[in-house]
Amino acid sequence: MIGMQMLHAVALGLPLTILVTVLSLGLGTVLALPLVAGLRSGNRAVWLFTRGIVDLLRGIPPVVWLFILYYGVSLGALRMSALQAAVIGLGLVSAAYLAEIFRGAIGSVHQGQWEASSALGFRRGALWARIIGPQAWRTAIPAYTAYGIGLLKDSSIASTIGVAEIVFFSNQYARQSGEGIFVFFIAAGVYILLSMPLGMLSRHLDTKLRKAVAR
Amino acid sequence: MKGLFPDVASILPTLFGGLQVSLTLTFLSLLFGLPLGLLFSFGVIAQNRAFRYVSVFFVEVGRGAPALVLLQLMYYGLPNVEITLSSLASACLALVWTTAAYTAELIRGGIQAVPAAEIEGSDALGMSMRDRLRFIEIPQGLRIALPSLMGFAVLLFQATSLAYTVAVPELMSQAYSTGSSTFKYLPAFVAAGLLYLAISVPATWLSVLAEKRLSRHL
């Protein structure tokens, strides 16, 4: 009976946990692309600037970014909602980590693939869309899903600025009932359950796609 | 933005005490977490069932659950079973768990990367299993795992910022209390961010350097 109440409390937070994770992963993926371009740039100034941004984003803990955005940034009288601050903050941090993952994956595409595409006269757009992009993406998938799982857990940080996700409700339940130990174990279990299929999918894709990439 | 920098500069020195607490918390978590991680790295593949199950439980929960959940579990949860710890002790316990779980996997990876010929060599020399672990597998495995362990230490240092949720007076909570008492939230958090940055960025460079140096012979 009490177990059901706890499960209910944790389940109430599930939608926002998933929403924050998915939106910030999406935002991070999009923002990572210009960062990758900057990290691969031959222009020293552009490279240094991008390197600086990536180090800045990764060097400050996510919770500090969330607090800066939520308490610190206002556009006129308009302040960010907790959800907006969480998605933008986690999205920015993700962009930096994902940029490094993508950069590594692009670097691992065999040199011959570039040479062959230029020998065949591929244009830049087609080169990225049809040759380098797909192969780099395949190499990046394990690290990308691993980062996604990490982000699922980091989405719990959104509770600190009041986003009503799993930890927020667990915390509320623990304070009201004074039964903290089980509800947090249930919350832990839900995170583990959520990340298990993702981990399995990642391992499956990894073994399958490993064979498809030229090296 | 006008006036942000003088505010940041005046708040910055007041946060040094908090930074010290953050660093202490990081150090204590590594001090107790790393030996436990080494133990679990053998536990997860041990023959002994009880040892294996306990290790797998701690490693899987420690890696699968967010550090924030473990922190709250220790702080709000343990009093239910008649264990009441100070906020620093409960934060420490939670982060030791996280550290042990993550480093168990990193150390496991390092030990598995020790060349098979080393093991064969020690067999050929008639080494006992204990000597093989002590002189061959653990030293070389830890050496291989060192750069990733250093990378983890940086993430752990950043994760101590979550300990403010259980009232540990570390960097983040100092910044928050400065922010709420002066209403200068942005300068306070920017100052805290700069201090985190000042530690994590050079530490990351150090781990990259270690990786390069340790793979020099390859």
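Helices (H or I, at least four residues) and strands (E, at least two) are DSSP runs, numbered from the N terminus. This is a predicted model, in which local features need pLDDT of at least 70 and side-chain atom pairs count only at pLDDT 80 or more, while totals for chains, interfaces and linings use all residues; side-chain values use heavy atoms, with hydrogens and water left out. Residues are numbered from 1 along each chain as its sequence is written, and chains are lettered from A and ligands numbered from 1 in the order in which they are written.

**Figure 1. Chain B as a whole.** Chain B contains nine helices and zero strands. Its elements follow the order α-α-α-α-α-α-α-α-α from the N terminus. The C-alpha trace of chain B spans about 70 × 50 × 20 Å along its principal axes.

**Figure 2. Packing of α1(B) and α9(B).** Helix α1 (residues 4–11) and helix α9 (residues 185–214) of chain B pack at an angle of about 60 degrees, their axes lying 8 Å apart. Axes are lines fitted to C-alpha atoms, for helices over the stretch in contact, and angles run from 0 to 180 degrees between N-to-C directions. The two helices, α1(B) and α9(B), are therefore oblique to each other (under 35 degrees is roughly parallel, over 145 roughly antiparallel, 65 to 115 roughly perpendicular and the rest oblique). From α1(B), the contact (heavy atoms within 4.5 Å) involves B:Leu4, B:Asp7, B:Val8 and B:Ile11, and from α9(B) B:Leu186, B:Pro187, B:Ala188, B:Val190, B:Ala191 and B:Leu194.

**Figure 3. Packing of α1(A) and α7(A).** The axes of helix α1 (residues 2–39) and helix α7 (residues 166–177) of chain A come within 7 Å and cross at roughly 150 degrees. That angle makes α1(A) roughly antiparallel to α7(A). On the α7(A) side, the contact is made by A:Ile166, A:Phe169, A:Ser170 and A:Tyr173; residues of α1(A) in the contact include A:Ile2, A:Met6 and A:Leu14.

**Figure 4. The interface of chain B and chain A.** Chain B contributes 36 residues to the contact and chain A 32 residues. About 2800 Å² is buried between the two chains, with 74% given by carbon and sulfur atoms (buried area is the accessible area, 1.4 Å probe, that two parts lose on being put together, summed over both). Zero salt bridges are found across this interface (side-chain nitrogen of Lys or Arg within 4 Å of a carboxyl oxygen of Asp or Glu).

Figure 5. The side chains of A:Asp55 and A:Arg58 form a salt bridge at 3.9 Å, N to O. These residues, A:Asp55 and A:Arg58, are three residues apart in helix α2 (residues 44–59) of chain A, and are therefore separated by about one helical turn.
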